[in-house]
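Some notes on the model, as requested. They go point by point and can be read against the sequence and structure shown here.

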Amino acid sequence: MIVIQNVGPTSSVRHRKQWRKQLQWAALFVLMVFIYGSHAPLITLTKINGEVPFNPSSCVVMIELAKLVISLATLILTGGIAALHAFPPLVLVAPYAVPAILYALNNNLVVVMQTYMDPSSYQVLSNLKIASTALLYSFCLGKRLRLGQWFALGLLMVAGVCHSYSSLDVGDLERKAEADERPRLHITAWGLFLVLVYCCVSGLAAVYTEMVLKSQRLPLSLQNLYLYVFGVVINGLSSFSAATSEKSFLEGYSGVVWAIIAGQAANGLLMSVVLKHGSGITRLFVISCSMLVNALLSWAMLGLQLTPFFLLPVSMIGLAAYLYYR
């Protein structure tokens, strides 16, 4: 007699678990895209006479501090506080200082680069970090990507360039150039070198963080605690050592500024989940999709005029996502 096992219920349970997991990742992705995309419009809303009324470096410190406090609270609520009773070995904690140093370096590079190129050139060329992240992801983590996936990431980078270009008003730039009697768009050889360094450091920071989070079998809340202790210290020192602003630490903070801090803190913690349990490549798609949300929110909240050219990067990002994840 042949006995055929009844796999129906087991298969159904497995299918429901898979569906629930996919739904959770989709919700996480949408939330991150919305937070990333709303960042620039919210900053624009805070401006008074074209300038932000708060100290940007203090905002970065507050974001890192918020992530630190939330990580500590999560660790306590999940019963992991016992891990803090003894001082952890230096060899365990030291690797978490590297991402903080790399991100602090990039924050300063963004400021320095403005001397050697205009903001529009930086906006276009910064899309090269998609290529640098993908190359470092494949090389450092040993992840072999299919030819179709490499094509998808290339398409994603081109979509970013197209979106950046579509946001430039060439006629307005020409009028400003004539008024100032100098070219509006410019980049020097030193500026090109710096933007390449910026893109490589950005990719290295993301890949290294993913490698550290996955290599240690520690609760994510504890790993986040280590990460953001260094983030607060390094960004705090950088902020106070370069305190050239006339504004005090919390001067100009409004409800919108606190919303920016809360959103960016939440996004940093959610990105840790992605890097720990998913892939750093997902981060690239989040950033790319957030450009579209940024444009739509700017249209709805700030009156930005969208052109039909906007549909090109939208289509390219959709096609890139299909080719990479199929």
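1. Helix H6 (residues 129-140) packs with helix H12 (residues 280-302) at an angle of about 170°, and their axes are 10 Å apart. The two helices are therefore roughly antiparallel, since an angle over 145 degrees falls in that class. This is a predicted model, and the values below should be read as such.

2. On the H6 side, the contact is made by Ile130, Thr133, Ala134 and Tyr137. H12 contributes Gly280, Ile281, Arg283, Leu284 and Ser288. Sorted by class, the contact of H6 with H12 has five nonpolar residues, three polar and one charged.

3. The count of aromatic pairs comes to seven. One of them joins tryptophan 190 and phenylalanine 193, with 5.3 Å centre to centre and 25° between the planes, and is stacked.

4. Where do tryptophan 190 and phenylalanine 193 sit relative to each other in helix H9? Both belong to H9 (residues 189-215), and because they are three residues apart there, about one helical turn separates them. Tryptophan 190 is partly exposed, at a relative accessible area of 45%. Phenylalanine 193 also counts as partly exposed, at 44% relative accessibility.

5. Phenylalanine 285 and tyrosine 325 form an aromatic pair that is tilted, with 5.3 Å centre to centre and 55° between the planes. This pair links distant parts of the chain: phenylalanine 285 lies in helix H12 and tyrosine 325 in helix H13 (residues 311-325), 40 residues apart.

6. Is phenylalanine 285 buried or exposed? Its relative accessible area is 2%, so phenylalanine 285 is buried, the cut-off being under 20%.

7. On confidence, the protein averages a pLDDT of 81, and 86% of the residues score at least 70. Helix H11 (residues 255-277) has the highest confidence, at 91, whereas helix H8 (residues 170-180) has the lowest, at a mean of 47. The pLDDT is below 50 over residues 170-183. Beyond near neighbours in sequence, that stretch has eight contacts in the model.

Definitions and conventions: Residues are numbered from 1 along each chain as its sequence is written. This is a predicted model: local features need pLDDT of at least 70, side-chain atom pairs count only at pLDDT 80 or more; totals for chains, interfaces and linings use all residues. Side-chain values use heavy atoms; hydrogens and water are left out. Axes are lines fitted to C-alpha atoms, for helices over the stretch in contact, and angles run from 0 to 180 degrees between N-to-C directions. Helices (H or I, at least four residues) and strands (E, at least two) are DSSP runs, numbered from the N terminus. Angles under 35 degrees count as roughly parallel, over 145 as roughly antiparallel, 65 to 115 as roughly perpendicular and the rest as oblique. Contact means heavy atoms within 4.5 Å. Ala, Val, Leu, Ile, Met, Phe, Trp, Tyr, Cys and Pro count as nonpolar, Asp, Glu, Lys and Arg as charged, and the others, Gly among them, as polar. Rings of Phe, Tyr and Trp (its six-membered ring) pair if their centres lie within 6.5 Å; planes under 30 degrees apart count as stacked, over 60 as edge-to-face and the rest as tilted. Buried means under 20% relative accessible area, exposed over 50%, partly exposed in between (1.4 Å probe, protein chains only). pLDDT is the predictor's confidence in each residue, from 0 to 100.
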